[in-house]
Amino acid sequence: HFKNDPDARKPVMEFQHEAALNTVINKVKNTLTNTFGQDVSNLTLVCVCASSAYKNNLRYRDFSTRLCEELNMYNGFNYITVTKDSLPKHLHKDRNNGPEKSYDETFFRGKFIVIFDDVTTSGQSLMKEKNKLESIGGHVICSITIAKTK
């Protein structure tokens, strides 16, 4: 229910998404504070973008806003823009082919970054995001996912 996907076979009710959102925020918050302590406020959260700008907003806007406010972290959400949508990964064979994005390079330069992805399969999306953020001057220090496919 975290994905809040309007194209899912079984529609997600708002209360289901909210419950899932609260659960994920609490788990990620606990993991980050237990790992980084007070230094968590020096970190920047970056979510691996969904396949479209619309789905990205549904999935990550509230999550990143709430998590970053609660932990006093920097929120990278508004500094990465999906400029061209792609098909969801489960609908095409090329799992490396995600949406096209633009980055506010000035914002990310010198930041210590935590990458978040809701579900990972091979880790290629995480690595692609890590490589991009580091190429523009960010320092990726860890990644967090809430699920892994088989």
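Is Cys47 buried or exposed, and at what relative accessibility?

**View 1. Cys47 and the residues that touch it.** In this predicted model, Cys47 counts as buried because its relative accessibility is 9%, which falls under the 20% limit used for that word. Cys47 belongs to strand 1, which covers residues 43-47, and, leaving aside residues up to four places away in sequence, Cys47 touches Tyr60, Phe63, Ser64 and Phe116. Pro99 stands 52 residues from Cys47 along the chain, and the C-alpha atoms of Cys47 and Pro99 are separated by 13 Å.

**View 2. A cluster of rings that includes Phe116.** Phe2, Tyr60, Phe63 and Phe116 are linked into a cluster by ring pairs, and Tyr60, Phe63 and Phe116 are also among the residues that Cys47 touches.

**View 3. Aromatic pairs that involve Phe108.** A search of the whole structure finds 8 aromatic pairs; one of them joins Tyr103 and Phe108 edge-to-face, with 6.4 Å from centre to centre and 65 degrees between the planes. Tyr103 and Phe108 are both buried. Phe107 and Phe108 form another edge-to-face pair, with 5.0 Å from centre to centre and 85 degrees between the planes. Phe107 counts as buried because its relative accessibility is 13%, and Phe108 counts as buried because its relative accessibility is 0%.

**View 4. The charged end of Lys111 over the rings of Tyr74 and Phe107.** The charged end of Lys111 sits over the ring of Tyr74, at 5.0 Å from the centre of that ring, and the charged end of Lys111 also sits over the ring of Phe107, at 4.4 Å from the ring centre.

Notes: Residues are numbered from 1 along each chain as its sequence is written. This is a predicted model: local features need pLDDT of at least 70, side-chain atom pairs count only at pLDDT 80 or more; totals for chains, interfaces and linings use all residues. Side-chain values use heavy atoms; hydrogens and water are left out. Rings of Phe, Tyr and Trp (its six-membered ring) pair if their centres lie within 6.5 Å; planes under 30 degrees apart count as stacked, over 60 as edge-to-face and the rest as tilted. Buried means under 20% relative accessible area, exposed over 50%, partly exposed in between (1.4 Å probe, protein chains only). A charge sits over a ring if NZ of Lys or CZ of Arg is within 6 Å of the ring centre and within 35 degrees of the ring normal. Helices (H or I, at least four residues) and strands (E, at least two) are DSSP runs, numbered from the N terminus. Contact means heavy atoms within 4.5 Å.
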